[in-house]
Amino acid sequence: MVKTTMNAVAPMTVIESRGAQKPLLEMRGISQIFPGVKALDQVSIALYPGEVTALIGENGAGKSTLVKILTGIYRPNEGEILLDGQPVQFASAQAAIDAGVTAIHQETVLFDELTVGENIFLGHAPRGRFGTIDWRTIHARSRELLRQLESEIDPTIRLKDLSIAQRHLVAIARALSVEARIVIMDEPTAALSRKEIDDLFRIVEGLKRQGKAILFISHKFDEVYEIAENFAVFRDGKAVGQGRLKGTPQADIVRLMVGRDVYDVFPKIKVEIGQTVLSVENYCHPTEFNDISFDLKRGEILGVYGLIGAGRSELCQSLFGITRPSSGRLTLEGNRIEIRSSAEAIAAGIVYVPEERGRHGLALPMPIFQNMSLPSLARTSRSGLLNAANELKLARQYAERLDLRAAALSVPVGTLSGGNQQKVVIGKWLATQPKVIILDEPTKGIDIGSKAAVHGFISELASQGLSIIMVSSELPEILGMSDRVMVMREGLQAGIFERAEASAEVLVRAATGNA
Amino acid sequence: MNKRDTPVPARRTIPDRLGTPLSRTLASWEVLLFGVAVLIFIANSLASPYFLDAWNLSDATFNFTEKALVAFAMALLIIAGEIDLSVAAIIALASTAMGAAAQAGVGTPGLVAIGIGTGLACGTVNGFLVSALKLPSIVVTIGTMSLFRGISYIALGDKAYGGYPDSFAYFGQGYLVWVFSFEFGLFLLCAALFAVLLHWTNFGRQVMVIGNNEFAARFSGVPVERVKFILFLLTGLMSGIAAVCLTSRLGSTRPSIAQGWELEVVTMVVLGGVSILGGSGSILGVVIAAFVMGLVTFGLGLLNVPGIVMSIFVGLLLIVTIALPILARRIRQARRA
């Protein structure tokens, strides 16, 4: 696969004079070679005290490799790392921590069954007189660290009793529990809602004031512009540009990142909205949501926006028969229906593309075509006997329609990239010829190039008369794709807005309940 | 709209499969295991002059046919991510029930029905506990293992049931033609049926998906609980059939009958290349593994190796066959790097 326009943008490096300020940490000419791949090729980057440097790049650009070098997990084949102008070597993860580098990872490794304090100090617990663990200090220092993060979480409660946002704070507290001068945040906002992101950014501002140098890795441009001073763009293992964010238009950075122009307008196709297909009345769940009512029309994309924990996924899953609603009516094309299992939902023509593709959507070690044909086996088989030729035919039809990139239809789905895995999930559901397709965070964890393809495809589906419910936490996606937007807040319906009246401000206000 | 600013490249047709059918076959675990079976066969025929005798070889099949019948069903269960450790206890209970019925004068067809019925009933208990009450199968079946065998001990104490009708002996002692026993025929038939069930039916595909990702299976409309229940029922059924064969072959029932078979059955399944973590495996592998285990125990028996030493050999065999491909892969990777 050759990107033909790869060289359309000449690699440029913006280097500005920075006056007298010296970088806290500098990496020069770093290369990391794995068998068959040059993951990093002569990369240089500098981090300044009291400033955030955003590291931007598509999946596979080398961001994670850089983080692993900085945290002492990989040793680079070439290049040097300078701390305060002095060359250092991170021979181990401990050496990196001792040098003052700490990282908050994309998927934080914490332990559900341990207390908050234990999680924060695991591996470097303060010791008492006889080498025993000094619990009093652990709890006092945990409380203090969490207070710095404007949180009053009790250090003695177990992690599993915390919300996702609170767990995140614990992860940050853990990162700060070592004497860190350089903080790496690897996609820290991936699982957070807008309000939680705001809280996180206040913490980052606090860290800046303490003079820490922060490396901030994110996919999301609005966040990067909000929090970072500097940027560095990686593409295919090379640093293709860096400089001050102020005065650099987003389009330039996007172009550096992907090496070509990317759509900035959502590929929304104008569709004649038809009759009501699905109507949901007073849908209730004992704990997750209450009294939800809406109509969905033919060809319509209904966006569902809300914070994490607003009950969006639970609502979708009950429409798909995974959980049972406690009360409520469901009407599909004028007929009253009841959905007691996902098999019934599929038979009725309602399908669900789950948020966690790998966990809920795919059997990763199994071949592409077997994943695709799974809900359609009744059609590809005869009297219960499999027919591989039919399955392959079905898979090929949707693989080509979705422009799937794979070596063969028999390779395990797990070998594909995130975007292509998502295509397999969507293809698997399209093959059932549904009437309503529910997409839960359809572009989560997908790089920007593939996102455009997924968006284009969603639009195309709507134009072919499919009704779509699209849950998303990304405002641009919701605003760009939806015909109407339903906002949920704490399990309640906070309003339904027409495309014309929906703006970022209106939706956020409805989702947070702030006037 | 500017979906993509470059001309969309001509859609490439994705090939169905990679490599030739031959290259895919040669790389499989089954071929490796078959090689092991051939080696053991050669070693046995060199070590003992009595080995290469049609009747001796026929006798050797009794070492594995009954266990293999259970192993086929166990393979499906393990592929689906569950396990049934009560199979040997089901055999004991089914055998006890048949013994009691024989004492009461029930004829051969009735005895077979009772044996198989007991197996199905035990499978129903396991299946209900696992799929309806959502209890972990390893715990459930350790519990029912004690329960089922406990009932046998209560019923029999230190006595033994005998006195089965003469016609009942056919299942464990009869021959179809020449040296081919009824049990061996049943083994081949069940191997074929289970191979079709696992590899060529929608049900088998559902079993495979459940073992790979139970969530994804549920989210794709697979009736996970029903499939699991059927698998436990099937395992009970095969244990009942194995009980008929074993009881018929031995001609008597003691409560210690088939003691320790659950581990030999699981060993056979794992040796056959079924992932103990679920999600992959083949019936062909289990068939070859059955032959390997049968040949090893029989060959050692001909050499007058005591049973205790034999179990050491079986253990070593298991470890070596599991370690070999893993080590081979590691060496290949190291060479590439």
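**Helix pairs in chain B**

I looked up the contact first: A191(B), F194(B), A195(B) and L198(B) of helix 9 of chain B meet I283(B), L284(B) and V287(B) of helix 14 of chain B. Contact here means C-beta atoms, placed from the backbone, within 7 Å. Helices are DSSP runs of H or I with at least four residues, strands are runs of E with at least two, and both are numbered from the N terminus.

I noted the basis of the entries. This is a predicted model, where local features need pLDDT of at least 70, side-chain atom pairs count only at pLDDT 80 or more, and totals for chains, interfaces and linings use all residues. Residues are numbered from 1 along each chain as its sequence is written, while chains are lettered from A and ligands numbered from 1 in the order in which they are written.

Helix 9 (residues 182–200) and helix 14 (residues 283–302) of chain B pack at about 150°, with axes 9 Å apart. Axes are lines fitted to C-alpha atoms, for helices over the stretch in contact, and angles run from 0 to 180 degrees between N-to-C directions. The two helices are therefore roughly antiparallel; the class covers angles over 145 degrees, with under 35 roughly parallel, 65 to 115 roughly perpendicular and the rest oblique. The residues of this contact are seven nonpolar, no polar and no charged. Nonpolar covers Ala, Val, Leu, Ile, Met, Phe, Trp, Tyr, Cys and Pro; charged covers Asp, Glu, Lys and Arg; the others, Gly among them, are polar.

Next I took helix 5 (residues 87–103) and helix 13 (residues 261–271) of chain B. They pack at about 130°, with axes 7 Å apart. That makes helix 5 of chain B oblique to helix 13 of chain B. V87(B), A88(B) and I91(B) of helix 5 touch W261(B), E262(B) and V265(B) of helix 13. By class I have five nonpolar, no polar and one charged.

A258(B) lies in the loop between helix 12 (224–250) and helix 13 of chain B. Its phi is near 60°, a positive value in a residue other than glycine. A258(B) is buried, with 27 other C-beta atoms within 10 Å. Buried means 20 or more such atoms, exposed 12 or fewer, and partly exposed in between, with C-beta atoms placed from the backbone.

**Chain A strands**

I then moved to an open sheet of four strands in chain A, in the order 12-11-14-15, with antiparallel pairing. Strand 12 (292–297) and strand 15 (335–337) of chain A are at the edges with a single partner strand each, so one side of each has no neighbour in the sheet. The twist averages 20° from one strand to the next. Strands pair if DSSP finds at least two bridges between them. Strand 11 (residues 276–284) of chain A has five bridges to strand 12 of chain A. L278(A) has L296(A) as its bridge partner in strand 12.

Strand 9 (residues 230–235) and strand 10 (residues 238–244) of chain A pair antiparallel over six bridges. They form a hairpin with two residues between them, and D236(A) in the turn has a positive phi of about 50°.

**One more loop**

E441(A) also has a positive phi of about 50°, although it is not a glycine. E441(A) sits in the loop between strand 17 (436–440) and helix 16 (448–463) of chain A. E441(A) is buried, with 20 other C-beta atoms within 10 Å.

Note on methods. Contact = placed C-beta atoms within 7 Å.
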